[in-house]
Amino acid sequence: MPNMALKTRSSAAHAALALAVTFSLVAGGPLAVPAAAEVKPSGPESVADLAESLLDAVVNISTSQNVKDEDKGPVPQVPEGSPFQDFFDEFFKGEGGEGSNQPQTVNSLGSGFVIDPSGFIATNNHVIEGADDIEVNFANGSKLKAKLVGTDPKTDLALLKVEPKTPLKAVPFGDSRIMRIGDWVMAIGNPFGLGGSVTVGIISARGRNINAGPYDNFIQTDAAINRGNSGGPLFNMKGEVIGINTAIISPSGGSIGIGFSVPTELAQNIFTQLREFGETRRGWLGVRIQPVTDDIAESLGMTETKGALVAGIIKGGPVDNGSIQTGDVIIRFDGKDVHEMRDLPRVVAESPVGKAVDVVLLRNGKETTVKVTLGRLEDGEDTTDAGEDATQDEGATDEGATPETGEQAEPKKTETVLGMGIGDLDQDARKTFDIVESVKGVVITEVAPDSAAAERGIVPGDVIVEIGQETVTTAEEVKSRVAKLKSEDRRNALMMIANRSGALRYVTVRID
């Protein structure tokens, strides 16, 4: 009987347990475990094999530079026999107790990677800039002196050459253009002198502009990049270099997960040129450009805000034959879309010198295609007058720029429009505002402080050259042109403005 009772209780307990399990499975309770096939990996299981295959191709770069000590202050004195005496004797060796101009050696560390087994090594320009001596340290402990092949400060890249006794381990370039936000990447470098350090992260953003140079198009990553990582490679998960680690944002000097790499779509061509020529040879279009703002797009009748607005043509440049004109908006270059102004300098610079390319532009509200043959940017930089159209392809005018006007006697004002006093550009006006003879248009004699014109940085001495892409030569033409725009319910007047030296820019002035 006791046994029967026990058995009965046992059967009841089993039934209760079975019921609980069934309820748990149906309700999705703690016992409801998803099938193994449904579990998705959160990241690469391990990068050990990948890192092992790449470490030998990543190098540490140490440089030394001799600098003069200009400090004339006295050397700190310590008591004879002090435990710090050796430290001070070593640190101030050769100072003679009174300072001197004896050269001292400054050392720095960076990273690089082998791109050719014969000894070509890629790095950042700022890693080796000003160095008197460059030494490359390999993962196996060997060291070789390096020769500088060439540098490109505009992209902060440099190419070195060592002479190895046997072929070196090299790494290939990958296609950074196909990398997506969220893709896994791995950085290897020499942070704080700790060589062979591997960090892993993802691509956080693409196309970053950090105002480091005219061709900014950085890959942003959260893989830890610190001082000393500069010049090191950023790899994809195939072991291909898709970026060169160059900069970080950090209040403390250490990684906070915001690092920037030059993409190989830009860097690979630079290294090829440095290897072949020892210098860069970039394409040159010979135009001055500025951004297309929403107001400018509306004034030009564009359906969307895009492209680069041509504000000037460089004399003697590749398009000084009329193929491209001021007021044109370049929206496509050699098959590549120009979404915003800063896209154009980069795609032009990446194009070979002498190449004939198709340029798609908007002119007078219509899309047209012209063919131009590119010059060489470096030649254009050498020949362009710094005071005339000096920004070229690589920059944009600043609508808010205000040239100095000095103390001037105001000429006779003839008309007032949009908060501006305007007058014919005669010889008296040229003398008063020191306007060069090449400038044609209508002179601005005064600007009301709280006017829409003042907001756009227009100042007395500026000259109105065009309104709505139509040339104006008299104050009456300006007034009638603005009146016409107002009758068409236009919100802004698009004006081409020349400063006293002849530099052009487009501005939009609100029509009240």
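Author: Happy to! One term comes first: accessible area is worked out with the Shrake-Rupley method, using a 1.4 Å probe. For this chain, the accessible surface comes to about 26300 Å², and 51% of that belongs to carbon and sulfur atoms. Please keep in mind that you are looking at a predicted model. The chain has 512 residues, of which 45% count as buried, and its secondary structure comes to 11 helices and 28 strands. Taking contacts between residues at least 6 apart in sequence, 63% join residues at least 24 apart.

In general, strands of a sheet pair through backbone hydrogen bonds, and the pairing can be parallel or antiparallel. To find the pairing on your screen, look for A356, which stands opposite T373 in strand 20. Strands 19 and 20 form a hairpin, with 2 residues between them. In that turn you will find N364, whose phi is positive, at about 55°.

Is L361 buried or exposed? L361 counts as buried because its relative accessible area is 0%, and the cut-off for buried is under 20%. What is L361 in contact with, once we leave aside its neighbours within four places in sequence? The list includes I324, D328, V329, I330 and I331, and also K366, E367, T368 and V370. Another residue to look up is L309: it sits 52 residues from L361 in sequence, while their C-alpha atoms are 9.5 Å apart in space.

D328 is at 2% relative accessibility, so it counts as buried. R363 has a relative accessible area of 22% and is therefore partly exposed.

To set that pair in context, a search of the whole structure finds 27 salt bridges. One of them joins the side chains of E304 and K306, at 3.5 Å from N to O. E304 is partly exposed at 43% relative accessible area, and K306 is also partly exposed, at 26%. Another salt bridge brings together the side chains of E455 and R510, at 3.2 Å. E455 lies in helix 10 (residues 452-455) and R510 in strand 28 (residues 504-510), so this pair ties together parts that are 55 residues apart in sequence. E455 is exposed, with 54% relative accessible area, while R510 is partly exposed at 37%. There is also a network of salt bridges, which links D152, E279, R281, R282, R376 and E378.

To finish, let's return to our hairpin.

Notes: Residues are numbered from 1 along each chain as its sequence is written. This is a predicted model: local features need pLDDT of at least 70, side-chain atom pairs count only at pLDDT 80 or more; totals for chains, interfaces and linings use all residues. Side-chain values use heavy atoms; hydrogens and water are left out. Buried means under 20% relative accessible area, exposed over 50%, partly exposed in between (1.4 Å probe, protein chains only). Contact means heavy atoms within 4.5 Å. Helices (H or I, at least four residues) and strands (E, at least two) are DSSP runs, numbered from the N terminus. Two strands pair if DSSP finds at least two bridges between them. A salt bridge is a side-chain nitrogen of Lys or Arg within 4 Å of a carboxyl oxygen of Asp or Glu.
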